[in-house]
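Me: I have a structure here that I would like to go through slowly. Could you start with a term I will need, and then take my questions one by one?

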Amino acid sequence: MYKLFLCVVLAICSGCAKDHLQPPANLIFVSVERERSLLYVIRYQSDVDVRDLFGRGERQGMISGTLRCALADDHDFSVGKAIRFSAIGLIRSEKNQANETKFSYLTPAFITETSDNRSSERDLSVAEMNQLLSNKQQIPCKVVVTAYGYKPYYSNTMHIPVADLLREINKPRS
């Protein structure tokens, strides 16, 4: 009986999610840099402040704000869907906001393989990343923001040049 009640409440509340009323952000790739052995820092700009979508202050009401990049042919960025080969990380603001019409962000991201049921995740090796990216010119990325009481927010697609990513992947390890 409790499970039935919970399902009914969830079904009713799922229809109550509000639209965020913000247009999809246009993202501009700036750079990618390997910071540590398996961590890649992706820098980009946006014409929408994705960390303050609701005008309440940075990160207020947000559940999560991530940059997700699809490395293979799976380009479904839906919140409930796992992208098998991806680069994903939390969005951070760059503090030097010299340009008032663009917002600057960085995302420290790990390049991983995720199981279909999302029960496990592992970092890809340099050889696996090279093989996966060898036939590509660019990879698609989107900002995805979830917030209490709102539908998920998706930016427009940004493309990262694979040549830039491979340069960092194949940089000699220090």
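Reply: Contact means heavy atoms within 4.5 Å. This is a predicted model, where local features need pLDDT of at least 70 and side-chain atom pairs count only at pLDDT 80 or more, while totals for chains, interfaces and linings use all residues. Residues are numbered from 1 along each chain as its sequence is written, and side-chain values use heavy atoms, with hydrogens and water left out.

Me: OK, which residues of helix 3 are buried?

Reply: In helix 3, residues 162-169, they are Val-162, Leu-165, Leu-166, Glu-168 and Ile-169, where buried means under 20% relative accessible area, exposed over 50%, and partly exposed in between (1.4 Å probe, protein chains only). Helices (H or I, at least four residues) and strands (E, at least two) are DSSP runs, numbered from the N terminus.

Me: And what do they pack against?

Reply: The buried residues of helix 3 pack against several elements, including strand 1 (27-34), helix 2 (126-133) and strand 8.

Me: Switching topic, how many bridges join strand 3 to strand 8?

Reply: Strand 3 (residues 62-70) is joined to strand 8 (residues 138-147) by 7 bridges, and the two run antiparallel; strands pair if DSSP finds at least two bridges between them. Thr-66 stands opposite Val-144 in strand 8, and its bridge partner in strand 4 is Leu-90.

Me: Which cysteines form a disulfide?

Reply: Cys-69 and Cys-141 do, with their sulfur atoms 2.0 Å apart, a disulfide being a pair of cysteine sulfur atoms within 2.5 Å. Cys-69 lies in strand 3 and Cys-141 in strand 8, so the pair ties together parts that are 72 residues apart in sequence.

Me: Are those two buried or exposed?

Reply: Both Cys-69 and Cys-141 are buried.
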